[in-house]
Amino acid sequence: MIQSVEPRALTETILLVDDNPLRAAMRQSLLEGKAPAVSRALDAAEALCLVESPGFAEQLTLVITGHAITGISGPEFVAELRSRMPRVPVLVLSSLSGFEKQYQGIGGVYFSQTQSPEELRSLVVSLVSLGQRQTA
């Protein structure tokens, strides 16, 4: 008798890269409910280690990072992330104007200068949906 094995159900995961613990906790709280899991990384190195983990990478639906992060520039981090995860959308947050130009040539990157929790939630919902369509 042959038993059928049901495919493992994947959950959605948002990776939040933020070196400010208070801001990261506030954003994580804000985003909970927009995906089953919100994982935090304190810096780019930790985030890149996480995406190297096959189980984690399979669940990754969206990466949210700041433009200014510890140890590496935002564009360098996103380019390195993109080389490992070419299809997962990346949302870069910054209060600076004109920072988007530094990401020219890197696909799948979205930008926001919003300080509004409602606008950020709405944007995340849209990008999580986009990520699901790209990784399915």
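**The largest pocket and its surroundings**

By class, nine nonpolar, nine polar and three charged residues make up the lining of the largest pocket. Here Ala, Val, Leu, Ile, Met, Phe, Trp, Tyr, Cys and Pro count as nonpolar, Asp, Glu, Lys and Arg as charged, and the others, Gly among them, as polar. This is a predicted model, where local features need pLDDT of at least 70, side-chain atom pairs count only at pLDDT 80 or more, and totals for chains, interfaces and linings use all residues. Residues are numbered from 1 along each chain as its sequence is written, and side-chain values use heavy atoms, with hydrogens and water left out.

The largest pocket has a volume of about 460 Å³. A pocket is an open set of points on a 1 Å grid over the protein atoms alone, where a 1.4 Å probe fits, with protein on both sides within 12 Å along at least five of seven lines. Lining residues have an atom within 4 Å of a point. Grid points are joined across faces, edges and corners, and the volume is the space filled by probe spheres set on the points.

Which residues lie nearest the centre of the largest pocket? They are Arg 23, Arg 27, Leu 93, Thr 114 and Gln 115, out of a lining of 21 residues. Three elements each supply at least two lining residues: α1 (21-31), β4 (68-69) and α5 (117-135). Of the elements, α1 gives the most, with four residues.

Now the chain as a whole. It holds five helices and seven strands. Both are DSSP runs numbered from the N terminus: helices are H or I with at least four residues, strands are E with at least two. From the N terminus on, the order is β-α-β-α-α-β-β-β-α-β-β-α. Of the 136 residues, 39% count as buried. Buried means under 20% relative accessible area, exposed over 50%, and partly exposed in between, with a 1.4 Å probe and protein chains only. The chain exposes about 7600 Å², and carbon and sulfur atoms supply 53% of that area. The areas come from the Shrake-Rupley method with a 1.4 Å probe.

Residues 24 or more positions apart account for 64% of the contacts with a separation of 6 or more. A contact means heavy atoms within 4.5 Å. Two residue pairs show how sequence and space can part ways. Arg 121 lies in helix α5 and is partly exposed, at 29%. Arg 121 and Leu 30 are 91 residues apart in sequence, yet 7.3 Å apart in space, C-alpha to C-alpha. Asn 20 sits in the loop between β1 (13-17) and α1. It is also partly exposed, at 29% relative accessibility. Asn 20 and Thr 70 are 50 residues apart in sequence and 9.6 Å apart, C-alpha to C-alpha.

Last, the rings. The count comes to three aromatic pairs. Rings of Phe, Tyr and Trp (its six-membered ring) pair if their centres lie within 6.5 Å; planes under 30 degrees apart count as stacked, over 60 as edge-to-face and the rest as tilted. Phe 99 and Tyr 103 are edge-to-face, at 6.3 Å centre to centre and 90 degrees between the planes. Both residues are buried. Why is the pair of Phe 99 and Phe 111 edge-to-face? Their planes stand at 80 degrees, with the ring centres 5.6 Å apart. Phe 99 lies in the loop between β6 (90-93) and β7 (109-112) and Phe 111 in strand β7, so this pair ties together parts twelve residues apart in sequence. Phe 99 is buried at 2% relative accessibility, whereas Phe 111 is partly exposed at 30%. Ring pairs link Phe 99, Tyr 103 and Phe 111 into a cluster.
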